[in-house]
Amino acid sequence: MTENQWTEFVKIREDFKKRVKNWNDALKTESIAALQKELADADGVPEYPLENTVVYNTAFDGVTSGSAVKLIVVGDNPGKSEQLNKNRTYLIGQSGKIAEGFFRNHAELGIDFRKDVLILNKTPVHTAKTKELVQFCKRAGKVVADIVAESQKYMAELAFRLQQLFSCEIWIVGYGELKPKGIFTGYRDCLYGLYAGSGVSGSAVAGNGSAKCAEAGCGAGNTKMGDFEKSVFVYQHFSMNRFSIDLKTQGGDLHAVGTLHRKEIFGR
């Protein structure tokens with residue numbers, strides 16, 4: 001990367017780390033941890049040590065000025081393996097192994113999943129399964145709900161800033177909760193707003209979240225819809241091999257499939 005890219009990346013990385021620490025500190029209570037465990041138990045998740053409520057991706061610390069950033073992949077939220085102190089790395093469970101295999105088996109892409117990809121999530125707030133986030137927000141109260149909402153806006157801004165910095169593609173993997181009434185509609189609306197500049201989604205799918213995002217300044221001063229259409233793609237999640245199955249079912253063209261699902265979610 002260039003000297004300017006490296007300087008800006010370091011600033012972005014340090015702010016990311018600081019934000020996660022602040023959110024983690026705000027949520028580090030016995031009652032919050034107990035609720036996370038209770039929700040996991042109710043979902044049939046085997047018992048595991050809960051060590052981080054909010055997770056920074058330490059893989060960012062391995063990026064150097066000599067690194068080549070070729071792609072940004074956005075998952076859902078950190079699961080039980082990702083939040084462990086020994087890991088604190090996104091997409092390292094079964095889904096991550098499938099993702100590694102996909103890129104290894106498609107050498108024509110020229111991408112090493114662990115070296116060339118910046119991996120983000122739609123929120124860094126941990127739950128064993130993404131669907132538990134809804135109940136987590138409802139039952140934990142306003143502080144948790146506000147942090148989950150705030151973190152989605154921040155993570156959308158992070159993806160946008162990094163995409164603009166490195167002029168690479170963003171692959172959003174997992175889109176079920178980006179649909180109406182999904183837990184990640186705030187992420188969807190803010191990301192679109194950043195490219196549109198107006199904060200207004202191009203799809204009837206998006207509701208008041210876009211307007212709120214605009215009020216918060218998410219998309220102020222930017223009109224980069226060309227970048228959005230050529231750089232942002234939406235796919236099925238890697239879990240249970242859904243990414244590859246959907247790709248094959250839809251004809252095997254990565255950009256065509258990513259565009260198809262982007263239009264379903266963003267309307268453009």
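User: Buried means under 20% relative accessible area, exposed over 50% and partly exposed in between (1.4 Å probe, protein chains only). Is H126 buried or exposed?
Analyst: This is a predicted model, in which local features need pLDDT of at least 70, side-chain atom pairs count only at pLDDT 80 or more, and totals for chains, interfaces and linings use all residues. Residues are numbered from 1 along each chain as its sequence is written, and side-chain values use heavy atoms, with hydrogens and water left out. The relative accessibility of H126 is 0%, so the residue counts as buried.

User: Where along the chain does H126 sit, and which residues is H126 in contact with, leaving aside its neighbours within four places in sequence?
Analyst: Helices (H or I, at least four residues) and strands (E, at least two) are DSSP runs, numbered from the N terminus. On that basis H126 belongs to the loop between β2 and α4 (132-140). Contact means heavy atoms within 4.5 Å. With neighbours within four places in sequence set aside, the residues touching H126 are Q36, Y48, L50, N52, T53, V55, N77, P78, G79, K80 and Q83.

User: In what order do the four strands of the open sheet stand?
Analyst: Two strands pair if DSSP finds at least two bridges between them. β1 (residues 71-75) and β3 run parallel and are joined by four bridges, while β3 and β4 (residues 232-235) also pair in the parallel sense, over four bridges. β2 and β4 each have a single partner strand and stand at the edges, so one side of each is left without a neighbour in the sheet. The order is β2-β1-β3-β4.

User: How many of the five residues of strand β3 are buried?
Analyst: β3 covers residues 169-173, and helix α6 (residues 185-196) lies across β1, β2, β3 and β4. β3 is largely enclosed by the rest of the structure, because the number of its five residues that are buried is four.

User: What distance does α1 reach from its first C-alpha to its last?
Analyst: The expected span of a helix is 1.5 Å times one less than its number of residues. α1 (residues 3-27) has 25 residues, for which 36 Å is expected. The span in the model is close to that, at 37 Å.

User: Which residues of α1 are buried?
Analyst: An α-helix has 3.6 residues a turn, so residues three or four places apart point the same way. The cover over the buried residues of α1 includes α2 (30-42), β2 (117-121) and α5 (142-166). The buried residues are Q5, F9, I12, R13, F16, V20, W23, N24 and L27.

User: At roughly what angle do the axes of α1 and α5 cross?
Analyst: Axes are lines fitted to C-alpha atoms, for helices over the stretch in contact, and angles run from 0 to 180 degrees between N-to-C directions. Angles under 35 degrees count as roughly parallel, over 145 as roughly antiparallel, 65 to 115 as roughly perpendicular and the rest as oblique. The two axes come within 11 Å. α1 is therefore roughly antiparallel to α5, with a crossing angle of roughly 170°.

User: Which residues of α9 and α10 make the contact between these helices?
Analyst: α9 (residues 242-249) and α10 (residues 254-266) pack at about 100° with axes 10 Å apart, and are therefore roughly perpendicular to each other. The residues in contact are F243, D246 and L247 of α9 and L254, V257 and H261 of α10.

User: What is the relative accessibility of D116?
Analyst: D116 lies in the loop between α3 (94-105) and β2. Beyond its neighbours within four places in sequence, D116 is in contact with A68, V69, K70, L71, G110 and I111. D116 counts as buried because its relative accessibility is 12%.

User: What is the relative accessible area of A59?
Analyst: A59 is placed in the loop between α2 and β1. This residue is partly exposed, since its relative accessible area is 39%.
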